[in-house]
Amino acid sequence: GGLETLFNNKETLEVDLDEVKEYVIRANKPGGKDMSSRDTVSLLLVRDLIAYLAQFVKPSERALFVDGSQLRAGILALINDTDWELEDKEQHMLEEGDTICFISTLHGG
């Protein structure tokens, strides 16, 4: 679908949920330095994964993936091969082993 160009031409990314959790903790703490309350983030949501992934996209291209903190319109998301509309969208709780797929429906003419 073309989104791989935003992620160094990688079609598949494996993400460590502990890294996502640390990102969420840093993003929600003033200064982002106190990692002692690691268990304050007991669950991770797809929206956390989207925010985590967006940090790896060049700022000039970020709008092709997200619109603010939301997944950009025109990108389909599948959670374990199921449309995320049936899985609580960005509120879906991530579990180890989940497969999240983003597919761009936008293309040139």
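View 1. Strands β3 and β4 (residues 82–83) pair in the antiparallel sense over two bridges. Strands are DSSP E runs of at least two residues, helices are H or I runs of at least four, and both are numbered from the N terminus. Two strands pair if DSSP finds at least two bridges between them. β3 and β4 form a hairpin with two residues between them. In the turn, asparagine 80 has a positive phi of about 50°. Isoleucine 79 stands opposite threonine 82 in β4. Leucine 78 stands opposite aspartate 83 in β4. This is a predicted model, in which local features need pLDDT of at least 70 and side-chain atom pairs count only at pLDDT 80 or more, while totals for chains, interfaces and linings use all residues. Residues are numbered from 1 along each chain as its sequence is written, and side-chain values use heavy atoms, with hydrogens and water left out.

**View 2. The open sheet around β3.** Three strands form an open sheet in the order β4-β3-β5, with antiparallel pairing. β4 and β5 are the edge strands, each pairing on one side only. Five bridges join β3 to the antiparallel strand β5 (residues 100–104). Isoleucine 79 has isoleucine 100 as its bridge partner in β5. Which residues of β3 (residues 75–79) lie on the covered face, and which on the uncovered one? Ile75, Ala77 and Ile79 make up the covered face. Leu76 and Leu78 make up the uncovered face.

**View 3. Helix α1.** This helix covers residues 17–28. Its twelve residues should span 16 Å at 1.5 Å a residue, and its end C-alpha atoms are 16 Å apart, which agrees. The expected span is 1.5 Å times one less than the number of residues. At the start of α1, a side-chain oxygen of aspartate 16 reaches to within 2.8 Å of the backbone nitrogen of aspartate 18. The buried residues of α1 are Leu17, Val20, Lys21, Tyr23, Val24 and Ile25. Buried means under 20% relative accessible area, exposed over 50%, and partly exposed in between, using a 1.4 Å probe and protein chains only. An α-helix has 3.6 residues a turn, so residues three or four places apart point the same way. The buried residues of α1 pack against α2 (46–54).

**View 4. Aromatic pairs.** The structure holds four aromatic pairs. Tyrosine 23 and tyrosine 52 form an edge-to-face pair, 5.9 Å centre to centre with 75° between the planes. Tyrosine 23 lies in helix α1 and tyrosine 52 in helix α2, so the pair ties together parts that are 29 residues apart in sequence. The rings of tyrosine 52 and phenylalanine 56 have their centres 5.2 Å apart and their planes at 80°, so this pair is also edge-to-face. Rings of Phe, Tyr and Trp (its six-membered ring) pair if their centres lie within 6.5 Å; planes under 30 degrees apart count as stacked, over 60 as edge-to-face and the rest as tilted. Tyrosine 23 is buried, with a relative accessible area of 18%. Tyrosine 52 counts as buried at 8% relative accessibility. Ring pairs link Phe7, Phe65 and Phe102 into a cluster.

**View 5. The whole chain.** The protein chain has two helices and five strands. Along the sequence they follow the pattern α-α-β-β-β-β-β. Buried residues make up 31% of the 109 residues.

Conventions. Contact means heavy atoms within 4.5 Å. A polar contact is a pair of N or O atoms within 3.5 Å; within protein, one must be able to donate a hydrogen and the other to accept it, and residues adjacent in sequence count only if both atoms are side-chain atoms.
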